[in-house]
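Work through the exercises below with the sequence and the model open. Try each task before reading its solution.

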Amino acid sequence: TDARRKTVDSLTVVALTDYGDSVLYQRFSGQNISLPLRYIGDSTQFSIQQGEHLPDTLTVVHRNTPNFVSLDGGYVMNCEILRVRSTGYAIDTVSVVSPSISTHEQENLAITYP
């Protein structure tokens, strides 16, 4: 565990979609969150507001590859993060820790605040 990690006091995360926005976390307080990536399309956008700061737009550009499991199980979507960017109002840096998204709990992105 990185000793520099801090708990965020107040975090609101909204998924930005063509079909309308969806609140994923509201007033979250903690260190780790899980965010879904879109299966359709090659990018996913989130609005992330930390405390009273202006909300940042986080864009995750990814490649989705369907993987056939079985006739009964259908397909599983494998995702790979290609790049990320943020507007930088409150977010200091976003780094890709592990580009391959899996069903196992793992850290894929690290977001740091000043």
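Helices (H or I, at least four residues) and strands (E, at least two) are DSSP runs, numbered from the N terminus. The model is predicted, so local features need pLDDT of at least 70 and side-chain atom pairs count only at pLDDT 80 or more, while totals for chains, interfaces and linings use all residues. Residues are numbered from 1 along each chain as its sequence is written, and side-chain values use heavy atoms, with hydrogens and water left out.

**Exercise 1. Describe the protein chain as a whole.**

Step 1. Count the elements: the protein chain has eight strands and zero helices. Along the sequence the pattern reads β-β-β-β-β-β-β-β.

Step 2. Take the extent along the principal axes: the C-alpha atoms fill a box of roughly 50 × 35 × 20 Å.

Step 3. Classify residues by relative accessible area: buried is under 20%, exposed is over 50%, and partly exposed is in between (1.4 Å probe, protein chains only). By this rule 25% of the 114 residues are buried.

Step 4. The protein chain comes to about 8,000 Å², and carbon and sulfur atoms hold 48% of that.

Step 5. Look at contacts, meaning heavy atoms within 4.5 Å. Of the contacts between residues at least 6 apart in sequence, 33% join residues at least 24 apart.

**Exercise 2. Find the salt bridge and place its partners.**

Step 1. Apply the criterion: a side-chain nitrogen of Lys or Arg within 4 Å of a carboxyl oxygen of Asp or Glu. A search of the whole structure gives one salt bridge.

Step 2. Name the pair: Arg63 and Glu80, whose closest N and O atoms are 3.0 Å apart.

Step 3. Check the accessibility of each partner. Glu80 has a relative accessible area of 30% and is partly exposed. Arg63, at 42%, is also partly exposed.

**Exercise 3. Which residues form a nonpolar patch on the surface?**

Step 1. Set the rule: patches are made of residues with over 30% relative accessible area and no salt bridge, with like charges joined within 9 Å and nonpolar side chains (Val, Leu, Ile, Met, Phe, Trp, Tyr) within 5 Å.

Step 2. The patch consists of Phe68, Leu71 and Tyr75, which together have about 420 Å² of accessible area.

Step 3. Phe68 is in strand β4 (residues 56-70) and is partly exposed at 45% relative accessible area. Leu71 is in the loop between β4 and β5 and is exposed at 80%.

**Exercise 4. Is Glu52 buried or exposed?**

Step 1. Glu52 sits in the loop between β3 (43-50) and β4.

Step 2. Its relative accessibility is 80%, so Glu52 is exposed.

Step 3. Compare sequence and space: Glu52 and Leu11 are 41 residues apart along the chain, and their C-alpha atoms are separated by 9.4 Å.

**Exercise 5. Trace the contacts of Ala110 and Val94, leaving out residues up to four places away in sequence.**

Step 1. Ala110 belongs to strand β8 (residues 109-112). With 18% relative accessibility, Ala110 is buried.

Step 2. Ala110 touches Thr93, Val94, Ser95 and Val97.

Step 3. Val94 belongs to strand β6 (residues 93-96). The residues that Val94 touches are Leu58, Val84, Ser86, Ala110 and Ile111.

Step 4. Val94 and Leu109 are 15 residues apart along the chain and separated by 6.8 Å. Ala110 and Gln45 are 65 residues apart along the chain and separated by 16 Å.

Conventions: Areas by Shrake-Rupley, 256 points an atom, 1.4 Å probe, with all protein chains shown as cover.
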